[in-house]
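Please read the following note alongside the model.

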Amino acid sequence: MSDTNDSDGGSCSTPDSDGEVAEEIGIVSFERKRPVAEEIRAELSDDYERIDILDYHGEVFADNWGDYDCFVGLMASGIAMRKTAGLLDDKWEDPAVVVIDEELTWAIPLTGGHHGANQVAHDLSKLGAVPAMTTASEAAGKQGVESKAKALDSHVVNGDSTVATNLAVLNDELGPVERLDGPRAVLVGDDVTVLKRNSDDGVVLGTGTVDGVRKEQVLDAWEAALGETEHDISDVEFVATATRKEGEAGLYEAAEEIGVGVVCFDKETLLDHEGPSPSRAKELIGWPGIAEASAIAGGRDHELLREKERFDEAVTVAIGK
């Protein structure tokens with residue numbers, strides 16, 4: 001797998017994706033701002049496993065530091081900075097911190113941008129707040145290695161390496177995210193980021209669509225395809241498609257709806273993993289069938305669990321493992 005323009009395929013998840021997913025949120029609020037905190041909790045409740053409102057006092061962050069993935073400080077950024085600065089130890093272990101003003105104008109990740117804060121700030125935009133991303137890769141409109149990891153449903157094994165590799169992202173020098181199938185022993189340097197998939201038995205939704213497909217069509221097709229297997233949406237590692245479908249709004253919106261990334265494979269990779277079913281696209285434009293080839297390319301074992309099927313004359317789905 002690789003960046004979009006490289007030969008092995010590419011991760012092209014939605015621009016707001018982040019390296020780690022925050023699931024448990026603590027909203028820290030002054031008593032007079034509690035109605036706003038309640039509004040935030042109500043809006044985001046479906047997206048997170050747990051959202052608690054914590055009344056502000058001088059030690060509120062310290063007292064709850066290990067209990068949440070991310071704190072949302074409904075307060076001035078200076079207060080949150082002063083109260084959390086002495087608690088910070090390791091960016092891979094510390095909770096993320098986001099601040100938002102009472103008028104819900106700005107959502108600002110202070111720490112842990114790639115570790116949940118950017119994600120939460122983006123979700124706060126549902127309330128009208130502008131997410132002020134300051135991590136270098138996001139500020140430059142590029143996808144950092146932590147974001148690539150999320151798109152691939154994987155995690156970074158050697159966190160210290162990301163300083164060098166994200167600098168390479170900024171300079172357009174990172175190169176492809178290579179996939180190595182084992183058993184295999186690999187010796188890497190300090191400037192090589194190693195990603196490991198999170199799941200041992202998940203599935204990949206290989207998906208091709210017509211131009212202008214609607215989110216609902218894609219979601220219905222995925223549900224129908226998975227319904228004939230022993231798997232459901234919770235088992236999906238990521239959605240796989242072709243680089244020629246990069247940016248297809250309905251596909252990306254559907255992936256965001258189920259909380260997974262989108263990985264794009266280029267023509268050469270798909271030709272190397274062509275599926276068994278015939279495809280008119282091969283005859284007409286030289287591309288193999290996107291659904292099967294991308295499902296095979298993305299699957300852990302490079303195998304098809306379910307051959308392609310077309311739904312609603314708009315979405316073709318195959319399932320890889």
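**Note on the predicted model**

1. Serine 29 stands opposite aspartate 55 in β3. The chain crosses from β2 through helix α1 (residues 34–44) to β3, and this β-α-β crossover is right-handed (with the strands pointing away from the viewer, the path from the first strand over the helix to the second runs clockwise). Helices (H or I, at least four residues) and strands (E, at least two) are DSSP runs, numbered from the N terminus.

2. This is a predicted model, in which local features need pLDDT of at least 70 and side-chain atom pairs count only at pLDDT 80 or more, while totals for chains, interfaces and linings use all residues. Residues are numbered from 1 along each chain as its sequence is written, and side-chain values use heavy atoms, with hydrogens and water left out.

3. Strand β2 (residues 24–29) is largely enclosed by the rest of the structure, because five of its six residues are buried (under 20% relative accessible area, 1.4 Å probe, protein chains only). Six bridges join β2 to the parallel strand β3 (residues 50–55); two strands pair if DSSP finds at least two bridges between them. Five bridges link β2 to strand β4 (residues 70–74), also running parallel, and here isoleucine 27 faces valine 72.

4. The largest nonpolar core has 24 residues, and Ile25, Ile27 and Ile100 are among those that touch the most other members. Such a core is a set of buried Ala, Val, Leu, Ile, Met, Phe, Trp, Tyr and Cys residues joined through side-chain atoms within 4.5 Å.

5. Threonine 209, in strand β10 (residues 203–209), counts as buried because its relative accessibility is 9%.

How values were computed. Buried < 20%, exposed > 50% of the residue type's maximum accessible area, 1.4 Å probe, protein only.
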